[in-house]
Amino acid sequence: MTEEGKISGRQQRRLEKEQATDVKTTKWVQIRMFPIWLRILLIIVLFAGAAALGLMVGYGVLGDGSPKDALKWETYQHILDIKNGK
């Protein structure tokens with residue numbers, strides 16, 4: 001028997017794969033356009049913007065107030081005073 005006849009099909013495929021990888025030495029490097037920290041910061045800023053826009057639409061369009069009043073601290077202080085019974 002020859003040496004090739006003694007190895008299994010799985011071993012043969014593994015050897016062929018190793019030989020193919022030896023020939024190909026091209027390695028792909030992934031380059032990110034935006035670093036991860038910038039992506040996280042962008043998501044936080046977009047979330048805050050969406051929350052502010054939602055408050056303005058809810059308070060100004062659906063409610064009776066001015067949309068700019070939804071971003072003022074006095075509005076929320078008034079709500080807290082009502083909640084606390086002051």
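Does Thr75 count as buried or exposed, and at what relative accessibility? Thr75 counts as buried, at 12% relative accessibility. Buried here means under 20% relative accessible area, exposed means over 50%, and partly exposed is in between, with a 1.4 Å probe and protein chains only.

Some ground rules. This is a predicted model, in which local features need pLDDT of at least 70 and side-chain atom pairs count only at pLDDT 80 or more, while totals for chains, interfaces and linings use all residues. Residues are numbered from 1 along each chain as its sequence is written, and side-chain values use heavy atoms, with hydrogens and water left out.

On confidence: pLDDT is the predictor's confidence in each residue, from 0 to 100. The average for the protein chain is 84, and 86% of the residues score at least 70. Where pLDDT is low, the predicted coordinates should not be read in detail.

Next, the fold. The protein chain has four helices and zero strands, and from the N terminus on the order is α-α-α-α. Helices (H or I, at least four residues) and strands (E, at least two) are DSSP runs, numbered from the N terminus. Of the 86 residues in the protein chain, 3% are buried. The chain exposes about 8,500 Å², with carbon and sulfur atoms supplying 64% of that area. Areas come from the Shrake-Rupley method with a 1.4 Å probe; for residues, only the protein chains shown count as cover.

Back to Thr75, which lies in helix H4. Leaving aside neighbours within four places in sequence, Thr75 is in contact (heavy atoms within 4.5 Å) with Tyr59 and Asp69.

Asp69 also forms a salt bridge with Lys72, the closest N and O atoms being 3.3 Å apart. The criterion is a side-chain nitrogen of Lys or Arg within 4 Å of a carboxyl oxygen of Asp or Glu. A search of the whole structure finds one such bridge. Both partners are partly exposed: Asp69 at 25%, Lys72 at 41%.

Last, the surface. Met33, Phe34, Trp37, Leu38, Leu41 and Val45 form a nonpolar patch with about 700 Å² of accessible area together. Patch residues have over 30% relative accessible area and no salt bridge; like charges are joined within 9 Å, nonpolar side chains (Val, Leu, Ile, Met, Phe, Trp, Tyr) within 5 Å. Val45 sits in helix H3 (residues 36-62) and is exposed, at 52%.
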